[in-house]
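This report goes through a ligand site, a chain interface and some local backbone features. The sequence and structure come first.

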Amino acid sequence: MTDTTERVIDPGTELPDGPPAGVLNGPERAAEARTVGPVTFAKALNAALADAMEADSSVVMFGEDVGALGGVFRITDGLTARFGTGRCFDTPLAEAGIMGMAVGMAMNGIRPVVEMQFDAFAYPAFEQVVSHVAKMPNRTKGKVKLPIVIRIPYAGGIGGVEHHCDSSESYYAHTPGLTVLAPATVRDAYTMLREAISYPDPVVFLEPKKLYWSKEVLDLAELKETFEASTAAPSIGRAVVARAGTDATLVAYGPSVPTAMAAAAAAAEEGRSLEVIDVRSIVPFDDETVCASVRKTGRAVVIAEAPGFASVAAEIVARIQERCFHSLAAPVRRVTGFDVPYPSPKLEHFFLPSVDRILDTVDELQWEDQA
Amino acid sequence: MTISTGTNRAPGTARTSDQQESAEAAMLPSATPVQLVDPNGVHTPNESYPLPDGESLLAAYHKLVVGRRINDQANALVRQGRMAVYPSSHGQEACQVAAAVVLDHQDWLFPTYRDTVAVITRGVDPMEVLTLLRGDWHSGYDPLEHKVATQATPLATQLLHAVGVAHAAKLRGEDTVVLALCGDGATSEGDFHEALNFAAVFHVPVVFLIQNNEYAISVPLKSQTVAPSLAHKAIGYGMPGERVDGNDLAALLSVLGKAVTRARAGGGPTLVEAHTYRMQAHTNADDPSRYRSQDDVEKWIPKDPLSRMRTYLRDLAVLDDDGETRIAAAAEEMAATLRDGLNTDPVVNPEDLFNYVFTEKTSQLREQADLLRGELSREQSSEEVTP
Ligand SMILES: Cc1ncc(C[n+]2csc(CCOP(=O)(O)OP(=O)(O)O)c2C)c(N)n1
Ligand SMILES: [Mg+2]
């Protein structure tokens, strides 16, 4: 990549509190020593950012409250202290500004990672995302690449008030040119964020808020080595079988994966074997893994928190129906949020796909011929 | 004032350079914030801004004390888990009270998530106001009944709505002034700038009140703007900007009162920046120790809006022990209302999920409502079987 550290900033220009020139080579403090142990989803994302910034001085993180505070969810905790204000900094409070500036920075040799504070607060940036981030590479026949990662804490289940719980994936997935990822495990949180930052195209990286505090026992140093040695298969564009089963397939992503896993566990007690597919990568979508599972089980239920109408879940159902018709023993069903604005905290449990609602739907998959 | 004639001119009319200069001078804010009662409770005379009389100040002070009690009680209730979240306006109560009391019955208020006290001061039922933050619905009061918009969370978006209400009022020939609140951080959003420009171009009766409490969550004002003040932004859009001590209830009443009067008389919009301080965390979920020192916070304790007004009114002999007792009792009554209201579990109706999305439910929503109803009745009957 171009060496932006050489660029001279007009000495007459006062930069009030802004970064001085050449900060990409700024003081870098050593990483804290890490050991194997329970790691939260949030910590894995934080480590992925730190490792990516350490590995590539063109990676720059910015957004609202990402500096001293470390982000309202602490995903950028310690990055400013470690890499300096040129590499991780607070912007004025304006999402369109953040996104538009990221486009320009990406055009000039930086790999911006931006944080939108909450799903619904990314909407002021929507024009920049749809009209420029998504279209620039296509418009310029690939001459201008935009390696931007848009991190969005997203979806509900945390008792948040309005505008803090939207599942906005369908807007992005519907926009050609955007890669859309939604990890569900701590391991994927780390690895997929690293992949996203190295990816040549813009990525909308959806972080399920309710999973931030979920834990897995992991060795982050080992994950780092594995990623940097590029020995593992990439996750972008690949779904995984999260639980093997034979009777029906549950397809889920992001916040719905743990719910699907819980439903599969409950179904097993009732003697029904459900396979769970964690989509992880909404765009590009892995038809192969999903269809291989459905062809095997013959039945499928797609689960997502977003309202079902014209949604990612609707797209997945259509793709399965088109590709697996002759293997299907029942229509492919959806369990999604209702087609209503995300409810207030005291009502959200009625809205969210629940284990019971999933099991009810599985029960309806025409297990016996109807009279 | 030269402003009102200048802004009423026909489009395309050129101004002479003299007119230009005086218009500019009138739009620029004062070098320091307007103050009428200093932190020690002493009146600081100001030629342009009359001091409100003792009785009006006493009435407003009463609301100030009640406002403080609302903040303290709400904080306690959030700690007890009776509310989902509470963005406190502790320390900003003078702005909250002034924003509400300068308006007449037919005027409109556009509040944010932080302006619960302003909305209650305007006369909306406290329990209806706290519906949003308790988490039983997105808004609990009827905006049209009270002429108080829903408390806005997406920053600065409400400012354009305020301009719209004012523009409609103008088209309909109504005597309506709109006062719209926002924070210092929100002034960085595009919608803030569009709202100011629209208000000035359409010459509508809006007063924009920025509560500059120096922080947008963790981000200090200096990272937000390098303009000499937020009030200076007004001139770029062609409206007057005013700076006022945001902890001085008297100055707020005077400055906002003047802006409201001007708007009502057809003089167009004003941008008012109130200098205040967020004494507490952004919300109960925030940890301010990560980005500011307790020392900085403590510097603002002597500037508290309540203590100076109390001293001033006691010195004026408008407020005596009896008065204080009466006001304290009113504050306690408000606190009891909040406690009683919030300690009762709200009855939520799951069907409401579907009832208001459209004027008439779509067939899809009817299906989904049926599904939920079925689930709930099965749940209920299984509960009845296994007590
Ligand atoms: C469009 C948008 N972006 C981000 C947020 C998240 N957010 C809520 S309050 C806040 C800080 C606002 O600061 P300020 O305008 O100064 O008001 P204050 O909270 O200090 O009253 C932020 C960033 C939001 N509500 N809306
Ligand atoms: Mg503020």
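The sections below cover the model, the ligand, the interface, the salt bridges and the backbone.

## Model and conventions

This is a predicted model, in which local features need pLDDT of at least 70 and side-chain atom pairs count only at pLDDT 80 or more, while totals for chains, interfaces and linings use all residues. Residues are numbered from 1 along each chain as its sequence is written, chains are lettered from A and ligands numbered from 1 in the order in which they are written, and side-chain values use heavy atoms, with hydrogens and water left out.

## Ligand site

Ligand 1 lies between chains A and B. It is surrounded by 20 residues, where a residue is counted if one of its heavy atoms lies within 4 Å of the ligand. The closest are A:Glu95, B:Tyr113, B:Arg114, B:Asp184 and B:Gly185. By class the shell has 9 nonpolar, 6 polar and 5 charged residues. Here Ala, Val, Leu, Ile, Met, Phe, Trp, Tyr, Cys and Pro count as nonpolar, Asp, Glu, Lys and Arg as charged, and the others, Gly among them, as polar.

On the chain A side, a polar side-chain atom of A:Glu95 is 2.5 Å from a nitrogen atom of ligand 1. From chain B, a polar backbone atom of B:Gly185 lies 2.8 Å from an oxygen atom of the ligand, and a polar side-chain atom of B:Asn213 lies 2.9 Å from an oxygen atom of the ligand. Taken alone, ligand 1 exposes 580 Å², and the protein buries 96% of that (Shrake-Rupley method, 1.4 Å probe; for residues, only the protein chains shown count as cover).

## Interface of chains A and B

In chain A, 36 residues are in contact with 43 residues of chain B (heavy atoms within 4.5 Å). The area buried between the two chains is about 3300 Å², and carbon and sulfur atoms give 63% of it. Buried area is the accessible area (1.4 Å probe) that two parts lose on being put together, summed over both. In chain A, A:Leu93, A:Phe338 and A:Lys346 lose the most area to chain B, together 19% of what that side buries.

The rule finds 3 salt bridges across this interface, a salt bridge being a side-chain nitrogen of Lys or Arg within 4 Å of a carboxyl oxygen of Asp or Glu. The side chains of A:Asp360 and B:Arg378 form a salt bridge, 3.1 Å from N to O. By class, the side of chain A that touches chain B has 19 nonpolar, 6 polar and 11 charged residues.

## Salt bridges overall

Over all chains, the count comes to 36 salt bridges. A:Lys209 pairs with A:Asp119, with their closest N and O atoms 2.6 Å apart. This pair links distant parts of the chain, 90 residues apart.

## Backbone features

The peptide bond from A:Val283 to A:Pro284 is cis, with omega near -5°. In chain B, B:Lys147 has a positive phi of about 55° although it is not a glycine. Most residues other than glycine have a negative phi, and most peptide bonds are trans.

Key: Polar contact = N/O pair within 3.5 Å; in protein donor to acceptor, adjacent residues only side chain to side chain. Helix = DSSP H or I, 4+ residues; strand = E, 2+ residues; numbered from the N terminus.
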